[in-house]
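Keep the sequence and the model open beside you, and try each task before reading its solution.

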Amino acid sequence: FLKHVDSSEMEASTEFASEDQPQHETQGQEANTFAKERTELERAAQFALAAASLKQAWQDLPDITTISENMIMEETDEGLNIVIADQEGRAMFPEGSKYPYEVTRKAIAAMAPALRKLPNAIQITGHTAAGAKFDNPRYGKWELSFDRANVTRQILEEFGMSPDRIQSVVGRGDTDPF
């Protein structure tokens, strides 16, 4: 003899239940004990793998090895911070231009496959030189820093980065020169 049981009758059916917890309906008593720690470890491993993949991608392109010192990767609590910076007298963008040098463009393009594998949203921030001068009064450090970040976004998307993965594109102007 079977009785029809409605699922609403069983929601808080244990003698200890005081509120429903539908996210745990199909889990055992210790199912979430190490979930957060494991996730953090898995994410750290994922970022380390992405960093290694990026370094390998850059090493595989002979042109890019000449600017390898200009590309810095730091693992942070939020994810992987990738900085493409002017160093040792070598600029990544021509002065006053929103378009990177071709070697910089290749380095950005090489990042797209590794970045696609990461779970985090992508944030792109553009910077300008502190002492830059602009002839056009309607175009200055704010516009240039944003345009550099936006061109970087366009390059990543051109090489397979999904637009919905881009969380923000920001220009820092001269408030945060790099």
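**Exercise 1: Confidence**

The protein chain averages a pLDDT (the predictor's confidence in each residue, from 0 to 100) of 74, and 67% of the residues score at least 70. This is a predicted model, in which local features need pLDDT of at least 70 and side-chain atom pairs count only at pLDDT 80 or more, while totals for chains, interfaces and linings use all residues. Residues are numbered from 1 along each chain as its sequence is written, and side-chain values use heavy atoms, with hydrogens and water left out.

*Task.* Find which elements have the lowest and the highest mean pLDDT.

*Solution.* 
- Helices here are DSSP runs of H or I with at least four residues, strands are runs of E with at least two, and both are numbered from the N terminus.
- Step two: look at residues 32–38, where pLDDT is below 50 and the stretch has two contacts (heavy atoms within 4.5 Å) beyond near neighbours in sequence.
- Step three: where pLDDT is low, the predicted coordinates should not be read in detail.

**Exercise 2: Helix H4**

*Task.* Describe the span of H4 and what its buried residues pack against.

*Solution.* 
- Step one: H4 covers residues 141–158, 18 residues in total, and reaches 25 Å from its first C-alpha to its last. That is close to the 26 Å expected at 1.5 Å a residue, a span taken as 1.5 Å times one less than the number of residues.
- Step two: its buried residues (under 20% relative accessible area, 1.4 Å probe, protein chains only) include Leu144, Val151, Ile155 and Leu156.
- Step three: the buried residues of H4 pack against helix H3 (102–116), strand S3 (122–126) and strand S4 (166–171).
- Step four: just after H4, glycine 160 takes a positive phi of about 105°.

**Exercise 3: Alanine 110**

*Task.* Why does alanine 110 count as buried, and how far is its C-alpha from that of isoleucine 155?

*Solution.* 
- Step one: alanine 110 sits in helix H3.
- Step two: alanine 110 counts as buried because its relative accessibility is 14%.
- Step three: alanine 110 and isoleucine 155 are 45 residues apart in sequence, with their C-alphas 9.8 Å apart in space.

**Exercise 4: The overall fold**

*Solution.* 
- Step one: count four helices and four strands.
- Step three: of the 178 residues of the protein chain, 30% count as buried.

Terms used. Buried means under 20% relative accessible area, exposed over 50%, partly exposed in between (1.4 Å probe, protein chains only).
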